[in-house]
Amino acid sequence: MNLRFALRAVFSGSVMVSGLASAQTVFNTSSWVPPTHTLSVAQATWCDMLEKESSGRMKCNALPKAVSAAPGTFDAVRDGLADISFTVDGYTPGRFINTQVAEFPFLGDSAVPTSVAYQRIYSKYFAPLGEHRGVKVLGVFTHGPGIIFNTKKPVTSAADAASLKFRIGGGNINELSRAMGWNTTLKPAPESFELLSTGVMDGTFFPDESIASFRLSMIKHATTFPGGLYNTSFVFMMNPGKYNALSAEDKAVVDKLSGETAARVFGEGWDKVDAASRDTVQKAQGVERVQASESFINEVRAKQAALEDRWVVAAEAKGLKNAKGVLAEFRAEIAKLK
């Protein structure tokens, strides 16, 4: 009788343990950049926060290989090929309109204020309009200030830039480059090494971080702009079915770590590696840095003004009210956070 009772207790305990194990939610995460890249590291950091905040009820499993190339990542998360990932809005031209506001020149010299300000504007204006419909948005953010890098010569004028071939990542910089008359090709960031090492391209538009992250040892020249020549709009996202299947308690944890919290994780990571690349890697490989002249900056401003007017029209056609006012508010938020 005692043996039967003991066996029953053991069986009951194993069922409870099994039930607890099966109750854990595992999110498959995908990254189209190397595991050491700040995007992958920030995603892993966010996942560690998720596991800690949920007392282990939720955790992430980093897939060994990306489920899609960068341009297809949004649809891959939407369709459940991965539960969590990130992508660049500009990799699918014309798909996202409001997000272009985070890609304009001269916004800021640090990823944290631009990312947090962007998140605030996104939550207030863009999310209610259904931007990124089809996924659960965990956060939006930008990288650090965009720079002109090349292998050939100092770029001190718009004419210098026009004499070279550049890889770009899409979004507003694609439109700005066209308006400036520059020879640019839209390609995802991971393709940069091959394009530059083979001489197919002479340079690339990147934040400082990317020279180290993608091991672009052939880069010898950099032209900087106050506030950056451009930024890139990113979205960090979760499959909506996965989110909807969570308990109310676990949804609350995900929501707590979303928005500005996620934006700061990615922004802080980017600022850290921007500085490391600029101060260590680029110095070691002898990258010559020049700052764009006032005349060069003014040429960019003149072309950008028309693009911002075009964005206002396109955004308001998609339902955004007072787009010029939203842009002004965005810039004011960045200034407050500097």
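Residues are numbered from 1 along each chain as its sequence is written, and side-chain values use heavy atoms, with hydrogens and water left out. As the model is a prediction, local features need pLDDT of at least 70 and side-chain atom pairs count only at pLDDT 80 or more, whereas totals for chains, interfaces and linings use all residues.

Helices (H or I, at least four residues) and strands (E, at least two) are taken as DSSP runs, numbered from the N terminus, and two strands are said to pair if DSSP finds at least two bridges between them. On these terms, six strands form an open sheet of mixed pairing, in the order 7-6-8-5-9-11. Strand 7 (183-186) and strand 11 (288-291) stand at the edges with a single partner strand each, so one side of each is left without a neighbour in the sheet. Direction ignored, neighbouring strands of this sheet are turned by 25 degrees against each other on average. Within the sheet order, strand 5 (residues 147-150) pairs with strand 9 (residues 221-224) in the antiparallel sense over three bridges, and A222 of strand 9 is the bridge partner of F149.

Axes are lines fitted to C-alpha atoms, for helices over the stretch in contact, and angles run from 0 to 180 degrees between N-to-C directions; contact means heavy atoms within 4.5 Å. Helix 6 (residues 172-180) lies across strand 6 (165-168), strand 7 and strand 8 (203-206), and runs at about 160 degrees to strand 6.

A helix pair is formed by helix 4 (residues 111-126) and helix 13 (residues 323-337), whose axes come within 8 Å and cross at roughly 145 degrees. The contact involves, among others, V116, R120 and I121 of helix 4 together with F330, E333 and I334 of helix 13. By class, this contact has 11 nonpolar, one polar and four charged residues, where Ala, Val, Leu, Ile, Met, Phe, Trp, Tyr, Cys and Pro count as nonpolar, Asp, Glu, Lys and Arg as charged, and the others, Gly among them, as polar.

With a salt bridge defined as a side-chain nitrogen of Lys or Arg within 4 Å of a carboxyl oxygen of Asp or Glu, the count comes to 18 salt bridges. Accessibility is classed by relative accessible area: buried is under 20%, exposed over 50% and partly exposed in between (1.4 Å probe, protein chains only). One of the salt bridges joins E260 and R120 at 2.9 Å, N to O, and links distant parts of the chain, with E260 in helix 11 (residues 260-284) and R120 in helix 4, 140 residues apart. Both partners are partly exposed, E260 at 31% relative accessibility and R120 at 29%. Salt bridges that share partners also join D75, R78, D79 and R95 into one network. Within it, the closest N and O atoms of D79 and R78 are 2.9 Å apart; D79 is exposed at 51% relative accessible area, whereas R78 is partly exposed at 34%.

A further salt bridge is found between K242 and D83 (3.7 Å, N to O), with K242 in helix 9 (residues 240-244) and D83 in the loop between helix 3 (73-78) and strand 3 (84-88), 159 residues apart. K242 is partly exposed at 25%, while D83 is buried at 9%.

Not counting residues up to four places away in sequence, S192 touches R167, T204, F206 and L216.
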